[in-house]
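Here is a short report on one protein chain. Keep the sequence and the 3D view open while you read.

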Amino acid sequence: MIRRIALLVLSSALAVPALAQTTLNGAGATFPYPMYSKWFSEYHNAHPEIQINYQSIGSGGGIRQVLAGTVDFGASDGPMTDEQLSQSKVKILHIPTVLGAVVPAYNVPGVTGEVKFTPEVIAGIFLGKITNWNDKAIAAANKDVKFPDQPIIVVHRSDGSGTTYIFTDYLSKISSEWANGPGKGTSIKWPVGLGGKGNEGVAGVVRQMQGALGYVELIYAVQNKIPYGSVKNASGSFVKASLESVTAAASSMKSMPADFRVSITNAPGKDAYPISSFTWLLIPSQSKDASKGKITF
């Protein structure tokens, strides 16, 4: 329902006729890039006088550019903080567009079945406390899987990232050690691991390196044919990311805050995938260019 509302807002806003060729420039999250790319292309096909250019540079970059006024809109998987919003000369609106999921994507030699991850295992790996795929904590949740004696290569984002925000928001909810240590944010100080730029970069490293485990948006794991595991949710069920399980996580929200800044990680409900999130367009309430302002609102 939220996705439908956001699409209607965006579509009706963009439906104002333009007298001449106009280009809107946006930048930000890689998480929704496959969807945004399709939407903007289809809209241009229907309205050739309007071109929408979107750079998939990460949520941190999108927030910085919208604050600097170098783009007409930004995009982020993590909502802007009160401090960031206070730096803007105009009000910035958060418009939720789509739902998505961050998944634990892995490359383990000899393992073809689905790997199950408990919250404790995910936190332990990214804290650097669980370092080998044959660790007993991993085996305990995967009794039918034989893991090799293979070091775990942790892969994380190297750029400011909403995907990182979602993942660390989840880790902060399920691990007090994480919450009191690295914490949550679009950029954090990682205890261990290698960095990859964008969801594309992390997916590429995981695909190429045996023993790797990284976090990526669901579509990037699917597109790169990288196995990804199910995660034990707040109700104790192992759930794999899917349209249904992400929708179940969103359905746990009984009310939406007026500014649409909301977290749905570790949502209750036996069918909810626990590392789910909305992603937002960041739209200034006033445009520096009057002609563009008529298109966007």
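Start at a pair of facing residues: I95 stands opposite L281 in strand β11. This is a predicted model.

**Strand β4 and its partners**

The strand β4 covers residues 92-107. On one side of the story is β11, residues 276-284. The two strands pair in the antiparallel sense. In β8, G214 stands opposite A105. The table sets out the two pairings.

| Strand pair | Partner residues | Sense | Bridges |
|---|---|---|---|
| β4 and β11 | 276-284 | antiparallel | 9 bridges |

How is β4 placed in the structure? Of its 16 residues, 14 are buried, so β4 is largely enclosed by the rest of the structure.

**Helix α7**

Now turn to α7, residues 162-174. This helix has 13 residues. From first C-alpha to last, α7 reaches 19 Å. That is close to the 18 Å expected at 1.5 Å a residue.

Here too burial dominates the count: 11 of the 13 residues are buried, so α7 is largely enclosed by the rest of the structure. The buried residues run through G162, T163, T164, Y165, I166, F167, T168, D169, Y170, L171 and S172.

Look at the start of the helix. There, a side-chain oxygen of S161 comes to within 3.0 Å of the backbone nitrogen of T163.

**T163 and its surroundings**

T163 belongs to α7. Its relative accessible area is 0%; buried means under 20%, so T163 is buried. Which residues does T163 contact, leaving aside its neighbours within four places in sequence? They are F31, D77, V102, R157, N199, Y215 and E217.

**The whole chain**

DSSP runs give 12 helices and 11 strands. Buried residues make up 51% of the 297 residues.

What does the radius of gyration say about the chain? A compact globule of 297 residues would have a radius near 19 Å; the chain has 20 Å, which agrees. Along the principal axes, the C-alpha atoms fill a box of roughly 65 × 35 × 35 Å.

The accessible surface of the chain comes to about 13600 Å². Carbon and sulfur atoms account for 53% of that surface.

Definitions and conventions
Residues numbered from 1 in each chain as written. Predicted model: local features only at pLDDT ≥ 70, side-chain atom pairs only at ≥ 80, totals over all residues. Heavy atoms only, no water. Helix = DSSP H or I, 4+ residues; strand = E, 2+ residues; numbered from the N terminus. Expected span 1.5 Å × (residues − 1). Buried < 20%, exposed > 50% of the residue type's maximum accessible area, 1.4 Å probe, protein only. Polar contact = N/O pair within 3.5 Å; in protein donor to acceptor, adjacent residues only side chain to side chain. Rg over C-alpha atoms; globule rule 2.2 N^0.38 Å. Areas by Shrake-Rupley, 256 points an atom, 1.4 Å probe, with all protein chains shown as cover. Pairing = 2+ DSSP bridges. Contact = heavy atoms within 4.5 Å.
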